[in-house]
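Here is a short report for a first look at a model. Keep the sequence and the structure side by side as you read.

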Amino acid sequence: MPAPNEALLISGRKQRGADALPFKIVTGHGVFVMPVFSKATRLTLAMQEAEVVEDCYTKQGLTLGVQAVIAFKVGDDHESIAAAARRFQGDQGQMPTLVGRIFSGHLRSIIGSMTVESIIREQQTLADAIVDASKTEMARIGLAVDSLQISSIDDKGVGYIKALAAPHQARVNQEAQVAQAAADRESAMAQQESARHQAEYSRQTAIAKAQFQAEIDQAQQTASQAGPLAAARAAQEVLAEQALVAQKNAELRQAQLIAEVVRPAEAEAERIRALARAEADATKLSAEAAAAQDRIALDQAIIDKLPEMLRAAAEGLQGANVTVLDGAEGLNSVVASLAAQGMTMLETLRSGMRPEPAQPGNAVAPINAKSVA
């Protein structure tokens, strides 16, 4: 059975028909081959390469060294396989050599009709022309060209190609320099922008670090002060409790002093005041009693003396020239006047005042009155 890129050629049996081939072509499937009577050989259908290196003369008479690579293979149809089998079945290694010779001739012919400038600028056109020119010959030997690539063109050190490339190279260099300058400028701008961004980022980072450090310092300071503050608060609370205890003790002591000292002192003072009031009342009562007794004694003495006084007053009236009017009423009035004088003297004596002795002639004023019958 042939491989996918092979054709099996079976010979030995006589083929029928006028156009019958001397061998049978089998591709894509297997076939039974009778030993002795038939012989089977293989023809490669794989892609192959042929290299062409040729010195060619241009239309301008300049010599160019051209190097090309041709990719080819045996055609897939039975006619191409049969044509290739007739020529290369005995030695398939001759295919690249023969293909190279065919393309060398067409390459020289076509380059001879072109200038160096067109050859350099239109390499694909050149390759297509060579392939088109070689198709008939290649088909005759059962081969098909897949592609042709011109790999290099050299002017053999003349410098023509280099001279042609000089203006373009200068323009390219100038454009490259301009592009490089623009790139450098953009790079510098980008670097400056990057530097500004980095500076701004550094500034923001420094500010953030400073803020973080300030917060850390504040937290550490708060933490370091927490102990003393707690101790101070505890001490304040202790002092407050001690003050409350002291106040309670003071109040208790005050209550004790009041109970032990003030209340007894007040009670004692009240007792003393009561005794003093009692003594004062007793003294007052004694004095009042004494005074009453003295008044009583004085009144008694006066009473005892009153008849005597009235008698003296009466005796004084005896020698007086008294005219009593209105009869008995007038006399009663005189007696009543004498009695009133006696009571006045009694009150005066009671008050501690001694009255002056009455003069006989002044005891009762002379009265000139007519007696009424």
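Leu148 sits in strand E6. Strands (E, at least two residues) and helices (H or I, at least four) are DSSP runs, numbered from the N terminus. This is a predicted model, where local features need pLDDT of at least 70, side-chain atom pairs count only at pLDDT 80 or more, and totals for chains, interfaces and linings use all residues. Residues are numbered from 1 along each chain as its sequence is written, and side-chain values use heavy atoms, with hydrogens and water left out.

Is Leu148 buried or exposed? Its relative accessibility is 5%, so Leu148 counts as buried. Buried means under 20% relative accessible area, exposed over 50%, and partly exposed in between (1.4 Å probe, protein chains only). Beyond its neighbours within four places in sequence, Leu148 contacts Ala68, Val69, Ile70, Phe103, Ala127, Ile130 and Val131. Contact means heavy atoms within 4.5 Å.

E6 belongs to an open sheet of 3 strands, in the order E4-E5-E6, with antiparallel pairing. Two strands pair if DSSP finds at least two bridges between them. Strands E4 (48–57) and E6 (143–154) are the edges, and each pairs on one side only. On average, neighbouring strands are turned by 20 degrees against each other, direction ignored.

Strand E5 (residues 63–74) is joined to E6 by 10 bridges.

H4 lies across E5 and E6, at about 145 degrees to E6. Axes are lines fitted to C-alpha atoms, for helices over the stretch in contact, and angles run from 0 to 180 degrees between N-to-C directions.

Helix H2 (residues 94–111) and helix H4 (residues 123–140) have axes that come within 9 Å and cross at roughly 130 degrees. H2 and H4 are therefore oblique to each other. Angles under 35 degrees count as roughly parallel, over 145 as roughly antiparallel, 65 to 115 as roughly perpendicular and the rest as oblique. The residues that meet include Phe103 and Leu107 in H2, and Ile130 and Val131 in H4.

Lys156 lies in the loop between E6 and helix H5 (160–318). Its phi is positive, about 60 degrees, although Lys156 is not a glycine. Most residues other than glycine have a negative phi. Lys156 is partly exposed, with a relative accessible area of 46%.
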